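Please keep the structure in view while reading.

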Amino acid sequence: TSGLTIEPSTIQIGESVTITIAVSNVGGQAGSHLALYKVNGVTEDEYEVSLEPDVSQTITFEYIPTESGTFIVDLDGLTGRITVLEPASIDVSNLVIDPESLMEGESVTISVECSNVGGVSGSYDVVLMIDGETEDTSTVTLDADESTTVSFDVSATQEGTYTVEIGDLTRSYTVNPQEPEPTPGGIPGFTSESVFM
């Protein structure tokens, strides 16, 4: 046996690896050979091949890992390594509302920090919910161990208290009514005519 190949050698959970080896009959008579394929010392599969003298054959196995980590492949004493990466996992934290109290007609900035705590790059839809309704969405793509801040600007058109949700995070902000414009030269509670009188 010779020529062990593992392709690809670095994958994600659920992807497949193709493992091949060449078996050659270097003797003078026909014969059979049982090839054992092991991962981390556990036999995963076997294949019996019968060959005429001076004949070679390639044997192929497929492996689909169900967990992350490093796996040692042993095929008839030839060894190789498979690295299985953690899938992308985007963590959303630090929900900030600025300001938390504002006037009608002003705008509020809502931001969160997104971090990819997985082993490979991945995308995530950051969905801004206000009072249970989708207000806006932003898609971020992050490499492994990369972080970024996602911000939304929302106009305050009506007074009231609003609940903000992004992922599992919740905060609120309050929109206050605009102060009435004072009457030029007037006295509160009196019309200009009564003041003149």
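Two strands are taken to pair if DSSP finds at least two bridges between them. By that criterion, β11 and strand β14 (residues 147-155) pair in the antiparallel sense over nine bridges, in a model that is predicted.

## Overall form

The chain contains one helix and 16 strands. Its radius of gyration is 34 Å, well over the 16 Å that the globule rule gives for 197 residues, so the chain is more spread out than a compact globule. Taken along the principal axes, the box filled by the C-alpha atoms is roughly 130 × 25 × 25 Å.

Of the 197 residues, 26% count as buried, and the chain exposes about 11900 Å², of which carbon and sulfur atoms supply 45%. Among contacts between residues at least 6 apart in sequence, 59% join residues at least 24 apart.

How many of the ten residues of strand β11 are buried? Seven of them are, so this strand, which spans residues 107-116, is largely enclosed by the rest of the structure; a residue is called buried here when its relative accessible area is under 20%.

β11 is joined to β9 by seven bridges, and these two strands run antiparallel; within this pairing, Asp91 stands opposite Ser115 in β11. On the pairing of β11 with β14, which is antiparallel over nine bridges, Ile110 stands opposite Phe152 in β14. In general, strands of a sheet pair through backbone hydrogen bonds, either parallel or antiparallel.

## The five-stranded open sheet

An open sheet of five strands has the order β10-β16-β15-β12-β13, and its pairing is mixed. At its edges stand β10 and β13 (133-142), each with a single partner strand, so one side of each is left without a neighbour in the sheet. Neighbouring strands of this sheet are turned against each other by 25° on average, with direction ignored.

Within the sheet, strand β12 (residues 122-130) runs antiparallel to β13, the two being joined by nine bridges. Across this pairing, Asp125 stands opposite Thr139 in β13.

## The salt bridge

Which side chains meet in a salt bridge? They are those of Glu100 and Arg171, with an N to O distance of 2.4 Å, and a search of the whole structure finds one salt bridge. Glu100 lies in the loop between β9 (90-98) and β10 (101-103), whereas Arg171 belongs to strand β16 (residues 169-176), so the pair ties together parts that are 71 residues apart in sequence.

Are the two partners buried, exposed or partly exposed? Glu100 counts as partly exposed at 37% relative accessibility, and Arg171 is likewise partly exposed, with a relative accessible area of 36%.

## Ser2 in strand β1

Ser2 has its place in strand β1 (residues 2-7) and is partly exposed, with a relative accessible area of 37%. When residues up to four places away in sequence are not counted, Ser2 touches Ile21, Ala22 and Leu78. The C-alpha atoms of Ser2 and Gly77 are separated by 9.6 Å, although these residues are 75 residues apart along the chain.

Terms used: Residues numbered from 1 in each chain as written. Predicted model: local features only at pLDDT ≥ 70, side-chain atom pairs only at ≥ 80, totals over all residues. Heavy atoms only, no water. Salt bridge = Lys/Arg side-chain N within 4 Å of Asp/Glu carboxyl O. Helix = DSSP H or I, 4+ residues; strand = E, 2+ residues; numbered from the N terminus. Buried < 20%, exposed > 50% of the residue type's maximum accessible area, 1.4 Å probe, protein only. Axes fitted to C-alpha atoms, helices over the stretch in contact; angles between N-to-C directions. Contact = heavy atoms within 4.5 Å. Rg over C-alpha atoms; globule rule 2.2 N^0.38 Å. Areas by Shrake-Rupley, 256 points an atom, 1.4 Å probe, with all protein chains shown as cover.
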